[in-house]
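Hi! Here is the structure I promised to pass on. Have a look at it first, then read my notes on its charged side chains below.

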Amino acid sequence: MSELEQEIKAMIVEELLLDDVRPEDIVSDAPLFGNSGLGLDSIDALELVRALDKRFGVRVRAEDEQNKVIFASVKNLAAYVAQHRAA
């Protein structure tokens, strides 16, 4: 697992106030949304977008057709952040 994935997992737990989840409990390629995996919802998605901008300088457009892929898992999210991170 990459250092960026670990950082994103910690950010998810911290920003979404997931008191019953530890960063190491999150599987990098498990779904973030829906009934399986982490089970996040649309409100969590908005918070995640805000946190990505604040922490990494990465902006995600609401109308981006790739959002389902980008937010599918921590692994996908880390790849997107690595590619679009502010220098």
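This is a predicted model: local features need pLDDT of at least 70, side-chain atom pairs count only at pLDDT 80 or more; totals for chains, interfaces and linings use all residues.

Let's start with Lys 9, which sits in helix α1 (residues 3-15); helices here are DSSP runs of H or I, at least four residues, numbered from the N terminus. Residues are numbered from 1 along each chain as its sequence is written, and side-chain values use heavy atoms, with hydrogens and water left out.

Lys 9 is buried but has no salt bridge. Buried means under 20% relative accessible area, exposed over 50%, and partly exposed in between (1.4 Å probe, protein chains only). A salt bridge needs a side-chain nitrogen of Lys or Arg within 4 Å of a carboxyl oxygen of Asp or Glu. For Lys 9, the nearest side chain of opposite charge is Glu 5, 5.1 Å away. A polar atom of the Lys 9 side chain does lie 2.7 Å from the backbone oxygen of Ile 26.

Elsewhere, the structure holds 11 salt bridges. One of them joins Glu 15 and Arg 50 (3.0 Å, N to O). Glu 15 lies in helix α1 and Arg 50 in helix α2, so this pair ties together parts 35 residues apart in sequence. Glu 15 is buried at 14%, whereas Arg 50 is partly exposed at 37%.

Finally, a salt-bridge network links Glu 14, Glu 15, Glu 47, Arg 50, Lys 54 and Arg 55.

Cheers!

Notes: Helices (H or I, at least four residues) and strands (E, at least two) are DSSP runs, numbered from the N terminus. Lys and Arg count as positive and Asp and Glu as negative; His and the chain ends are not counted. A polar contact is a pair of N or O atoms within 3.5 Å; within protein, one must be able to donate a hydrogen and the other to accept it, and residues adjacent in sequence count only if both atoms are side-chain atoms.
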